[in-house]
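Have the structure open as you read.

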Amino acid sequence: MGTHHTSPSRLLDSPTQEKLSDYLAAHPELIGPRVIERFKSEGAAEGNLPFLFKVLAIEKALSIQTHPDKETAQKLHKERPDVYKDANHKPEMALALTPFQAMCGFLPLARIADYIVDTPEFAALIPQTIREQFLSLASSPDTSGPTEKQALKDVFSAVMTAEPSAFQPELEKLVTRYEGGGANPSEMEVKELVLRLNSQFPGDIGIFCAFMLNHLTLKPGEAIFLAAGEPHAYVSGDIVECMATSDNVIRAGLTPKLRDVPNLVAGLTYNAAHASKHIVEPRSFSSASHSTLYDPPIPEFSVLRAVVPVGETETHPSLEGPSIAIVTGGKGTLVWGSRDQLNVAEGDVVFVGAGCEVRLAAGGQEPLVVHRAFVESK
């Protein structure tokens, strides 16, 4: 949902299936002058929104991937426009609709060190000098220092560039050991993840990322944010996802698609921290009593989640920028202006222009749930 050229949204009642971007270019007041000025370089004056909004239903794990920062995106787009189709960065936020599992960001160094010590199949992929250097630094009081980051990069690079002749026998031994009940106590929290990934992508090097990346489960209404250069893979569950307008993905495992391991290894931040670092804490929104705001540390987007009880209404005050709302549960009515209204149900998607106050009225036998991505000139 948005204006990216690879899959642009179109107006439902347009006989010509007019693109949303074309309509907004002809009606710039719907984007708003301050947002147009703020995102001029992203093409806002031509009707382009600075965010994309998606719904993902994940049964099979998505790839081990990262997204480039702007400088890297410009370089990759210039070098490989057939693969990296735009020059923008792609920070993103995932907000759980159902229980949602993901791998995100590097584990604390000490936890990776535990796996190197306790999981011989994993350790076998790391040359001894790299392994010893990493273990000597894993308990460092400052794991964000350049030496510690380089040690983590060396470990990750060694694993992800291992030859199939080296890692596949180790993976077979690991899976056989886990299936036979031989997991060590320290491995119990990744055992089921390893077996699940191997059932979906047998013999894939990306399975070993379970020993290097945080694994977390979100409940509905919880969210994570992933900045450029943060490795991640979505494992299972339904989410709404919002991101800067880009289609740039650098992949390295758990995928039949193109893998670009050198650029992935080169583009990561190598920040090692607990998974809580990525959690987006929701907060109240204006005077609305049934809505929460998820506001990541970037200017391109924020997301509202409204859960309106049956028979009640919720008013969202006008925003200075455009928004896209999708009904993810229930049915009801959207009301704006003095008389205008629209009946909506699960799956309906609505564009709301800048400066428009909206009232959500729940109907039916269950709450009306709406997720709304928007941008202002913050």
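At what angle do helix H4 and helix H6 pack, and how far apart are their axes?

## The helix pair

H4 (residues 109–118) and H6 (residues 128–137) pack at about 135 degrees, their axes 9 Å apart. That makes H4 oblique to H6, since angles under 35 degrees count as roughly parallel, over 145 as roughly antiparallel, 65 to 115 as roughly perpendicular and the rest as oblique. Axes here are lines fitted to C-alpha atoms, for helices over the stretch in contact, and angles run from 0 to 180 degrees between N-to-C directions. Helices (H or I, at least four residues) and strands (E, at least two) are DSSP runs, numbered from the N terminus.

A word on ground rules: this is a predicted model, where local features need pLDDT of at least 70 and side-chain atom pairs count only at pLDDT 80 or more, while totals for chains, interfaces and linings use all residues. Residues are numbered from 1 along each chain as its sequence is written, and side-chain values use heavy atoms, leaving out hydrogens and water.

## The largest pocket

The largest pocket has a volume of about 890 Å³. A pocket is an open set of points on a 1 Å grid over the protein atoms alone, where a 1.4 Å probe fits, with protein on both sides within 12 Å along at least five of seven lines; lining residues have an atom within 4 Å of a point. The volume is the space filled by probe spheres set on the points, which are joined across faces, edges and corners.

Its lining has 25 residues, and Leu11, Leu12, Val349, Val350 and Phe351 lie nearest the centre. Strand E17 gives the most to this lining, with 4 residues. By class, the lining splits into 18 nonpolar, 4 polar and 3 charged residues (Ala, Val, Leu, Ile, Met, Phe, Trp, Tyr, Cys and Pro count as nonpolar, Asp, Glu, Lys and Arg as charged, and the others, Gly among them, as polar).

## The second largest pocket

About 510 Å³ of space lies in the second largest pocket. Ser63, Gln65, Val249, Arg251 and Lys257 are the closest to its centre among the 26 lining residues. The lining has 12 nonpolar, 5 polar and 9 charged residues, and strand E7 gives the most, with 4 residues.

## A four-stranded sheet

Four strands form an open sheet in the order E13-E18-E15-E16, with antiparallel pairing (two strands pair if DSSP finds at least two bridges between them). E13 and E16 are the edge strands, each pairing on one side only.

Inside the sheet, 6 bridges join E15 to E18. Valine 335 stands opposite arginine 359 in E18.
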